[in-house]
Amino acid sequence: MIDSALIPEGVKRCPTWKFLLALAISGAVALWGVYAMLLCWFKGLNQTNMNDYYGFALWIWADLAVIALGGGAFFTGLLRYVIGKKELKNIVNYAVLIGFICYSSALLILGMDVGQPMRGWFIFWHANVHSMLTEVAFCLSCYFGVLCIEYLPLVLENRQVDRVPFFHNLSHNFHEIMVVFAATGAFLSFFHQGSLGGVAGVLYGRPFGYREGLLIWPWTFFLFTWSAAACGPCFTIFITRLTEKITGKQLVKPEVVQLLAKIAGWMLATYLVAKIADTLWWAFKTAPAAGFNFMDFYSNNALYGPWILFTEIIICGVLPAVILTVTPLRERSGLLFTAVILASIGVCLNRWVMVLQVLAAPVMTFDKWVLYYPSWQEVATTILPVAYGVILIMISYRYLPIFPQERELNPVVDSTT
Amino acid sequence: MKIDRRCFLSLGVGAAAGVALSPLPWKLLDDSSIWSQNWPWTPVPKDGAASYVHSTCTLCPGGCGITVKKIGDRAVKIEGKAGHPVNNGGVCIMGLSGLQLLYGPTRVQSPLKRVGERGEGKWKEISWQEAIAEVAGTLQKIRAEGDAHTVAGIMESDRGTVPRLMQRLLTAYGSPNFFRMPSMQDSYEQALYLMQGVRAMPGFDVENADFILSFGSGLIEGWGAPVRMIQANSNWRSTGAHVVQVEPRLSNTAAKSDEWIPVKPGAEAALALGIAHVMIKENRCSGFADQAAFGFDDFVDDEGRTHKGFKQLVLESYSPETVAEVTGIDSRRIVDLARAFAAAKRPIALTGRGRGLTPGSVSDVMAIHALNALAGNINADGGIWAVPEPDYIEWPAPEMDRVAVDGIQKGRIDKAGGSEIPYTQYLLNRFALTAQGKGDYPIKALMVSEANPAYSLPDTRMFQKALDAIPFVVSFSSYMDETALQADLILPNHMYLERYEEVPAPAGYSKPLIGLTRPVIKPLYNTKHVGDTLIGIARQLGGNIAKAFPWTDYESCLRNTISGKWDSLMRKGFWWNAAYKPAPASNGFDTASGKFEFAVTIPRGTDKAGDALLPKYQPIIPEGDIAEFPLLLMPYETMCLSSGYTGSPPFMMKTVPDTVLKGNTGLVEISPETATSLNLDEGDPVMLTTPKGQANLRVHLSDGVPPGILAMPRGLGHRAYDDYMADKGVNINELMGPVEDPVSGLDAAWGIRANLTKA
Amino acid sequence: MENEHHGSKKYGMVIDLDKCTGCGACMAACMSENNVPFKKDETDKLTSITWLRVFKLSNGKPYPDSDICYLPRPCMHCAGPGEHGHSPCVSVCPATATDYSSETGIVSQIYTRCFGCRYCMAACPYHARYFNWWDPVWPDGMEKYLSPNVSPRMRGIVEKCSFCFHRYQLAKDKAYSEGRRELEEGEYQTACTQACPADAITFGDLNNPHHKVHQLAQPDPDNCGKPRNPHAFRLLERLGTNPKVYYLSSREWVRRAGDNYLESDGTSAAH
Ligand SMILES: Nc1nc2c(c(=O)[nH]1)N[C@H]1C(S)=C(S)[C@@H](COP(=O)(O)OP(=O)(O)OC[C@H]3O[C@@H](n4cnc5c(=O)[nH]c(N)nc54)[C@H](O)[C@@H]3O)O[C@H]1N2
Ligand SMILES: Nc1nc2c(c(=O)[nH]1)N[C@H]1C(S)=C(S)[C@@H](COP(=O)(O)OP(=O)(O)OC[C@H]3O[C@@H](n4cnc5c(=O)[nH]c(N)nc54)[C@H](O)[C@@H]3O)O[C@H]1N2
Ligand code: SF4
Ligand code: SF4
Ligand code: SF4
Ligand code: SF4
Ligand code: SF4
Ligand SMILES: [Mo]
């Protein structure tokens with residue numbers, strides 16, 4: 001293979017043509033997204049189906065979802081470096097990579113979502129400390145910096161890069177201090193995951209989203225962090241398993257996956273206790289105080305029925321939590337896979353509800369439910385990060401030693417490749 | 001020097017770090033945001049000295065005083081003129097949007113001659129000299145052929161110097177065919193003439209009324225002088241006046257009233273007579289009916305025949321029980337209403353459905369006007385006043401040559417004022433029929449100024465056919481409206497913010513008042529005051545016609561005509577007789593009996609033995625077969641839409657709710673009950689069919705319309721003008737047709753039968 | 001006057017719904033005064049910029065018991081809970097592009113600072129905020145009527161009713177040039193107030209007992225300005241947004257339509 005010099009030693013990779021073909025396909029999808037993105041930048045947000053009732057829509061949902069799913073990075077990092085779950089070093093690289101993809105996508109989407117991208121930096125320059133978005137912006141950018149730093153050593157471990165002594169040493173030093181970054185990352189993540197939850201939670205004009213809370217933070221602040229910590233690792237496991245299916249190789253030892261899944265399961269279970277308590281408090285205290293019946297938010301419209309709450313909390317919450325916490329269930333590969341998928345869907349659904357349904361539910365008595373569907377430009381630009389993620393994973397997987405256990409689990413007979 | 005990989009990578013990283021630390025990216029960041037704050041394609045309005053011009057709005061017959069704010073030579077805002085007797089600082093949505101007409105894309109910017117097919121919109125710019133010569137030449141030719149009477153003129157109004165110049169031109173030329181656009185004005189004037197013997201305009205002293213009984217009038221929806229009426233309505237809230245709205249549909253006026261009487265469509269006059277019945281039976285009438293009126297009791301005419309008086313007629317035929325059946329209003333309620341009306345100190349009963357855009361039946365107006373007589377509020381405070389026609393135009397009658405005399409003698413093509421219909425002045429509703437060869441003679445030329453009949457007359461298709469049959473059509477419009485689009489020549493007038501003109505008598509206003517509209521800015525385009533154009537045409541026609549127009553230009557004509565009041569007009573923007581009070585009823589009336597006539601016996605000067613004409617309920621049957629068209633379509637008016645003059649500029653279009661217009665599709669209001677029976681849901685596409693035409697619409701379910709009724713606003717569905725107005729919804733006039741009032745020949749249609757099917 | 005001394009104003013509005021005819025003059029006056037742009041199709045109300053929007057309310061009863069009422073909705077210039085200026089929108093704007101003035105009580109909008117994140121729109125339950133989805137385009141020549149007092153907004157940012165703040169500035173300038181510190185009630189009036197033919201809108205300083213708005217609404221200073229006039233109400237009072245636009249109606253169903261109530265809340269909450 002012409003790129004064999006770049007491929008880590010002792011592992012087998014698909015033929016270059018296959019790789020390039022897959023790259024081309026993903027690239028085409030990404031280009032479609034880039035085209036849509038350029039349309040949005042040059043023609044303005046009239047290219048979307050957003051409107052004055054839906055100032056936030058698919059993109060902000062995608063942002064929140066992607067950041068929740070990317071939560072595997074900070075939480076696995078926390079477990080690995082701060083709490084000291086050493087086994088997780090075998091999956092933390094991938095978690096970091098997935099996190100990096102998720103967060104860079106989030107930033108890209110934000111860059112499209114604002115009406116005046118060229119003034120995006122005003123959020124830092126003219127920062128309003130009361131705004132959850134300010135908190136999001138600061139923590140998100142800082143944490144993205146952390147993710148870059150966490151991802152960088154991995155890049156430096158590329159066979160060719162590693163040859164350069166400077167990079168080799170740099171990489172080594174990074175590893176030494178990674179605990180600091182992991183801790184910083186966890187701290188920052190706690191706040192931006194939380195402040196993303198706060199985005200809807202502080203909207204005291206929007207009874208569907210509004211929550212009481214602790215000090216300046218509404219309960220959603222903590223719920224978002226918690227759910228990201230629970231579901232982010234699930235997504236990491238899901239992508240790991242997916243990668244394993246696609247490559248046809250085992251890349252991470254089952255013990256590692258089991259450990260992470262178990263922790264995620266307990267996080268999810270405890271999260272659900274909190275979430276259910278929050279929902280009940282909101283339904284029976286907060287909303288009625290504003291004059292709303294709980295069912296007002298789930299009726300008189302074509303989409304948002306009680307099913308959505310049931311799906312989020314029971315099917316995509318309680319069910320995977322049970323599977324992941326009960327060892328015999330978790331150890332069944334099919335069930336585990338189902339559970340991490342459900343958990344990932346659950347957190348996405350939660351983010352959807354906390355963005356879209358917040359805006360869809362009428363507040364003034366003479367207002368009406370407004371439903372929304374995205375334009376193709378929004379869809380294309382939302383798929384763009386997916387395509388970009390696939391590309392980055394393909395490249396990273398091919399050229400970087402993402403999975404430390406790959407060699408051990410897949411001994412290559414003919415080492416000449 | 002060999003650059004190895006290490007060196008290359010280091011350089012790259014170094015360069016990146018260097019750039020990041022340099023001011024360059026930050027400067028670029030800053031500059032790009034500054035650029036985004038000053039996008040060259042986002043306009044920056046030029047600043048300048050502010051000044052104010054006081055003028056009068058002419059966009060409707062409301063006659064409001066306006067103050068136009070200017071920055072430099074640009075007009076930037078229209079506001080109501082504080083202290084003006086009509087509107088005291090208030091202004092309506094239409095008046096506020098005037099600048100969008102002034103600067104808008106619908107202006108005709110120079111005289112135009114048609115080069116394509118009619119209506120195709122292909123024009124050639126010509127000079128004013130050519131344009132006037134062309135009109136004069138064609139008129140000259142028609143005259144030479146002995147067909148002077150076949151030239152017609154249509155204008156919105158017949159009051160004021162400009163309409164009078166047009167009338168004068170036609171008269172001196174030899175045509176009797178001047179037309180005023182139809183409205184309530186026609187039937188009210190006729191009712192006043194028949195019952196009170198005056199050629200006068202009704203003035204409604206609404207400010208002083210304490211009980212307002214409105215038979216379908218859109219008191220806050222453009223009826224009369226719209227701003228004045230809305231202000232009066234607010235005032236009623238503080239004075240505690242009681243407002244009763246008699247109307248089938250829950251209009252805004254009905255919703256704002258203290259009491260809404262949801263009468264069956266078309267049965268308003270029956271209710272009025274039911275109220276009269278109760279008042280008479282319970283002896284709740286003022287002394288006026290007995291003392292100052294004729295025909296209340298039975299009477300004997302000159303030839304000894306006994307006639308039934310109003311009292312007997314009403315007692316026999318309009319008991320609350322009978323009326324309840326016709327109107328759908330509970331008889332108890334009728335009695336209560338009558339008692340409340342009679343008990344009020346200064347009650348007033350008035351009519352003119354909606355904005356009064358259709359004349360309506362003269363019998364209806366008489367029945368309702370009779371209530372005022374019973375209450376004794378004719379020419380009284382808070383009542384209805386006969387306001388004399390403005391009399392400042394004292395031009396000597398034009399000298400007529402033989403051709404002119406011959407022409408006039410041929411008679412009007414609509415036979416208005418003839419022996420069958422002696423009291424009606426104009427019957428534009430017959431114009432379409434007669435112009436199609438069904439009249440005594442064909443129309444060979446038509447001049448239209450300040451009117452858009454091709455849009456606003458009911459049964460527009462028919463009017464279009466009439467236009468097609470007229471060889472020469474001239475428009476004086478400032479805007480490319482539907483009628484102008486059908487013209488052969490357009491001689492564009494200055495629009496109202498660019499010209500001098502007096503604005504006589506705001507509609508329904510109780511005191512004589514003349515406003516002055518004056519140039520706020522210099523004319524933007526190569527336009528000409530229509531007064532000057534008419535004078536120019538007359539000059540070229542020469543002879544007696546030219547002699548009838550001795551003025552050098554319109555402005556001097558206006559100044560001379562209005563001479564005594566010119567100073568006041570220039571200084572204050574209006575002239576009025578603030579102290580005006582009509583002669584009290586005790587002075588008697590100018591009728592044959594010298595009294596107010598419930599029974600109109602003697603049309604003055606003619607036909608002394610004519611049958612008694614009593615206010616009766618004569619139902620006007622809407623056109624259409626009930627089996628084929630089981631539903632009824634009724635128009636309504638909204639302040640958000642202009643139903644005449646110029647269409648609705650963007651400001652107005654923006655306020656139109658999405659339950660009236662969505663995209664380019666209009667919505668028709670139906671009751672949920674009717675919708676269910678037709679298996680229709682909110683927003684469903686439908687085909688609406690009437691005997692006059694059909695249209696694709698969507699349905700809007702509304703609890704405000706009675707079952708079986710379809711309601712649609714006037715003012716949509718323009719085909720001319722610009723993209724901001726054209727092709728939006730349906731022009732209801734394309735679906736409606738006139739129904740002649742048996743008394744006056746005027747259009748009395750209040751609806752038309754219709755059918756609705758899922759599309 | 002105590003308030004006049006320390007100069008803190010609380011400009012607000014009282015709209016009498018018994019008088020409002022739904023004529024839309026206020027909407028047009030606002031558009032004309034504030035250079036609000038328009039498009040060829042304005043029937044999609046979800047993208048139609050109307051700083052002031054007249055809503056149509058109905059009582060939901062069938063014919064002929066049906067009733068309607070119009071409700072003009074400018075920006076409420078919410079003071080937020082406890083009048084600390086934490087309006088729903090102001091508190092969330094990350095770039096301080098919208099601010100609460102403690103001097104006037106007016107919620108400002110800085111077009112050149114707003115970067116179009118639309119968080120404020122999500123926060124406002126009144127839909128008083130509008131995004132410029134398109135570049136504003138006036139038909140050729142029509143830009144001549146644009147007022148120099150209010151800058152036209154560019155694409156990609158949010159705009160809303162300013163209580164015609166430029167009129168306040170002009171009035172202030174004039175007063176200062178005449179050596180006065182205080183404005184008379186009539187000196188600062190909004191364009192919609194001025195235009196309304198029904199005289200349904202009253203504007204003034206809610207803190208000033210001599211001003212008509214104060215007398216009409218009778219705001220309770222101990223209760224975040226809750227109206228004491230039994231016919232007055234504010235929209236969504238219960239959310240604690242603390243609006244400075246009050247409504248008057250003699251009709252119970254209209255007052256009740258101003259807020260959300262549970263069946264168990266009874267009728268007293270709506271006066
Ligand atoms: N928003 C909006 N408002 C509108 C319109 C619009 O398109 N949009 N249209 C406007 C138009 S075109 C019209 S015609 C009106 C409807 O206004 P209408 O109701 O058609 O006006 P009239 O019927 O003329 O006024 C009522 C009565 O006033 C009498 N009257 C007429 N002229 C005079 C006069 O000079 N002096 C006195 N004292 N009384 C008079 C008439 O005889 C009539 O009986 O609505 C106007 N208002
Ligand atoms: N079925 C039905 N019949 C109606 C009506 C209706 O709405 N429906 N309305 C009735 C009533 S009340 C009226 S007033 C009439 C109105 O009917 P029209 O008078 O025919 O209708 P408008 O559209 O008001 O016509 C005025 C035209 O004058 C032009 N115009 C406006 N300003 C100027 C100017 O400054 N200079 C020149 N040269 N032209 C100008 C514009 O092009 C405008 O189209 O129709 C009457 N008949
Ligand atoms: S009511 Fe009539 S005259 Fe008065 S401002 Fe409106 S359009 Fe002009
Ligand atoms: S202008 Fe006045 S009456 Fe008309 S809609 Fe506005 S507030 Fe109501
Ligand atoms: S009404 Fe909306 S935009 Fe206005 S201050 Fe309140 S929350 Fe902000
Ligand atoms: S859209 Fe503008 S004003 Fe609104 S929150 Fe974002 S930056 Fe602030
Ligand atoms: S106060 Fe001024 S900006 Fe606000 S709605 Fe009224 S006119 Fe518009
Ligand atoms: Mo008219």
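**Close-up views of the interfaces made by chain C**

**View 1. Contact of chain B with chain C.** In this predicted model, the contact (heavy atoms within 4.5 Å) takes 64 residues from chain B and 66 residues from chain C. Between them the two chains bury about 5200 Å², 60% of it on carbon and sulfur atoms, where buried area is the accessible area (1.4 Å probe) that two parts lose on being put together, summed over both.

View 2. One salt bridge joins the side chains of B:Lys77 and C:Glu33, at 2.8 Å from N to O.

**View 3. Contact of chain A with chain C.** Here 52 residues of chain A and 57 residues of chain C take part, and the two chains bury about 4400 Å² between them, 59% of it on carbon and sulfur atoms. Of the area that chain A buries against chain C, A:Asp52, A:Tyr204 and A:Phe366 supply 19%, more than any other three residues.

**View 4. The salt bridge between chain A and chain C.** The interface of chain A and chain C has one salt bridge, in which the side chains of A:Asp113 and C:Arg118 meet at 3.0 Å, N to O.

**Notes.** Residues are numbered from 1 along each chain as its sequence is written, and chains are lettered from A and ligands numbered from 1 in the order in which they are written. Local features need pLDDT of at least 70, side-chain atom pairs count only at pLDDT 80 or more, and totals for chains, interfaces and linings use all residues, while side-chain values use heavy atoms, with hydrogens and water left out.

Key: A salt bridge is a side-chain nitrogen of Lys or Arg within 4 Å of a carboxyl oxygen of Asp or Glu.
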